[in-house]
Amino acid sequence: MARNVYGLDLGTYDIKIFDKKKDRIWHAKNVIAMKDKKYIFSVGDDAYEMYEKAPGNIQIIFPMKNGVIARFDDMQYLLGDLLKEERPFIRGAEYVIAVPTDVTEVEKKAFYDLVLHSEAKAKSVRIVERGLADGLGLGIDVLEEPGAFIANLGGGTTELSVLSYGGIVMNRLLKIGGEQLDSAIANLVRHSKDFIIGRPTAERLRKEFGVFDQSTGSSLTVYGRDMMRGGPSHIDIPISLVRAAIKEPLRECVQAIHSMLDRTPPDVRRNINKNGIYITGGLANLRGISTYLEESIGLPVHMKTDPELCAVKGLQRIILNKTLYRKLSYSMLDEDYRWLR
């Protein structure tokens with residue numbers, strides 16, 4: 001391998017990176033602040049701090065949308081800037097990138113080109129299906145596992161994967177994540193209370209209340225704009241309103257899990273029934289989500305500490321293990337992808 005290897009998990013709202021030489025994982029917000037639609041003002045965590053607070057001439061941009069790259073040049077600049085901060089000279093390194101399975105080959109190649117044609121001058125770029133990376137990060141022996149169901153609950157999407165013996169039997173990418181839950185909360189507050197809150201405030205409500213683990217009488221004071229009086233104000237939002245708002249997106253997620261389980265081959269399904277399902281991703285930190293899914297699906301639900309880091313920890317295992325590297329990662333320069341060149 002090259003003198004250094006990076007593992008990249010590019011989420012809708014967070015970038016997670018494993019640096020082999022430093023033997024550590026770090027992460028940053030996947031955000032760019034652009035001034036006057038022409039100049040990069042700030043990136044990463046600094047840019048996110050300005051979200052919904054920036055003046056009119058500064059635009060906050062999220063280069064990823066629904067799990068894929070929506071703004072290629074912005075994403076390339078952001079990634080290059082973050083890597084330069086960690087290591088001034090990154091040319092000639094190898095990169096292993098986790099990508100969703102349920103996207104087109106052209107969208108997968110965008111992840112590949114993102115690094116290969118950047119200033120990094122990468123020696124090589126290899127792709128890993130995110131479901132497999134998640135499985136490894138959970139501690140599953142994916143090469144020998146006869147059947148495992150993983151739900152990656154992310155900021156912009158939910159990726160459902162059924163794994164068996166080193167491959168992905170089925171995979172589905174849903175446009176349901178933290179973003180959709182926060183939008184549902186903000187919309188319901190607006191329609192039921194005539195009160196406007198921003199997405200960061202809705203996110204705070206979601207994280208503060210969770211799903212199951214507080215009494216229905218709890219409430220939280222938030223600040224926003226009163227639609228009746230037309231000025232800034234504050235209001236108490238009850239937990240019941242937040243739970244009502246996130247109920248529909250979560251129900252869609254449960255229905256999709258049921259649908260995939262129904263289509264899972266019997267031999268694989270038998271092992272899933274025995275071991276339950278696994279959840280990863282940032283939204284898995286929502287308090288009470290595992291209890292909600294267990295009651296809704298009828299199977300045990302397992303989660304590891306720091307579920308948002310499962311995929312990048314899986315990339316770490318692949319990078320440090322030659323067998324996993326050879327069997328689970330691939331290059332889009334391989335013969336199967338000649339038509340994309």
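**Stop 1: helix 4 and helix 10**

Select Arg130, Ala133, Asp134, Leu136 and Gly137 in helix 4. Keep in mind that the model is predicted.

Now show both helices whole: helix 4 is residues 130–137, and helix 10 is residues 310–320. Their axes are 6 Å apart, and the packing angle is about 85°. Helix 4 is therefore roughly perpendicular to helix 10, as angles of 65 to 115 degrees are classed that way.

**Stop 2: Asn152**

Select strand 11, residues 148–153, and pick out Asn152 within it. Is Asn152 buried or exposed? Its relative accessible area is 12%, so Asn152 is buried; the cut-off is under 20%.

Next, show what Asn152 touches beyond four places in sequence: Arg130, Asp134, Thr157, Thr158, Glu159, Thr280 and Gly281. Which side chain makes a polar contact with the side chain of Asn152? Select Thr280: the distance is 3.4 Å.

Arg229 is 77 residues from Asn152 in sequence, and their C-alpha atoms are 42 Å apart.

**Stop 3: Glu159**

Go to strand 12, residues 158–164, where Glu159 lies. Glu159 counts as buried because its relative accessibility is 3%. Zoom in on the side chain. One of its polar atoms lies 3.0 Å from the backbone nitrogen of Thr101.

Then show the surroundings. Beyond four places in sequence, Glu159 is in contact with Pro100, Thr101, Asp102, Arg130, Ile150, Ala151, Asn152, Asn171, Arg172 and Leu173. Arg130 also touches Asn152.

**Stop 4**

Select helix 6, residues 199–209. Which of its residues are buried? Color Arg199, Thr201, Ala202, Glu203, Leu205, Arg206 and Phe209. Now bring in what these buried residues pack against: helix 1 (44–48), helix 5 (178–193), strand 15 (219–226), strand 16 (231–238) and helix 7. Step past the end of helix 6 to Gly210, whose phi is positive, near 70°.

Keep helix 5 and helix 6 on screen. They pack at an angle of about 100°, with their axes 8 Å apart. That angle makes helix 5 roughly perpendicular to helix 6. On the helix 5 side, select Gly178, Glu179, Leu181, Asp182, Ile185 and Ala186. On the helix 6 side, select Arg199, Ala202, Glu203, Leu205 and Arg206. By class, this contact has 5 nonpolar, 1 polar and 5 charged residues.

**Stop 5: helix 7 and helix 9**

Show helix 7, residues 239–263, and helix 9, residues 289–297. How do they cross? Their axes come within 10 Å, at roughly 50°. The two helices are therefore oblique to each other. The crossing is right-handed.

Select the contact itself. Helix 7 brings Lys247, Leu250, Arg251, Val254, Ile257, His258 and Leu261. Helix 9 brings Ile289, Tyr292, Leu293, Ser296 and Ile297. The class count for this contact is 8 nonpolar, 2 polar and 2 charged residues.

**Stop 6**

Start with Asn57, in the loop between helix 1 and strand 6 (58–61). Asn57 counts as partly exposed, at 33% relative accessibility. Show Met34, Lys35 and Asp36, its contacts beyond four places in sequence. Then find Asn4: its C-alpha atom is 39 Å from that of Asn57, and the two are 53 residues apart along the chain.

Move to Asn66, in the loop between strand 7 (64–65) and strand 8 (68–69). Check its backbone: phi is positive, about 55°, although Asn66 is not a glycine. Asn66 is partly exposed, with a relative accessible area of 22%.

Finish at Asp306, in the loop between strand 18 (301–302) and helix 10. Asp306 is also a residue other than glycine with a positive phi, near 55°. At 36% relative accessibility, Asp306 counts as partly exposed.

Methods:
Residues are numbered from 1 along each chain as its sequence is written. This is a predicted model: local features need pLDDT of at least 70, side-chain atom pairs count only at pLDDT 80 or more; totals for chains, interfaces and linings use all residues. Side-chain values use heavy atoms; hydrogens and water are left out. Helices (H or I, at least four residues) and strands (E, at least two) are DSSP runs, numbered from the N terminus. Buried means under 20% relative accessible area, exposed over 50%, partly exposed in between (1.4 Å probe, protein chains only). Contact means heavy atoms within 4.5 Å. A polar contact is a pair of N or O atoms within 3.5 Å; within protein, one must be able to donate a hydrogen and the other to accept it, and residues adjacent in sequence count only if both atoms are side-chain atoms. Axes are lines fitted to C-alpha atoms, for helices over the stretch in contact, and angles run from 0 to 180 degrees between N-to-C directions. Angles under 35 degrees count as roughly parallel, over 145 as roughly antiparallel, 65 to 115 as roughly perpendicular and the rest as oblique. A crossing is left-handed if the near helix is turned anticlockwise from the far one by less than a right angle, and right-handed if clockwise. Ala, Val, Leu, Ile, Met, Phe, Trp, Tyr, Cys and Pro count as nonpolar, Asp, Glu, Lys and Arg as charged, and the others, Gly among them, as polar.
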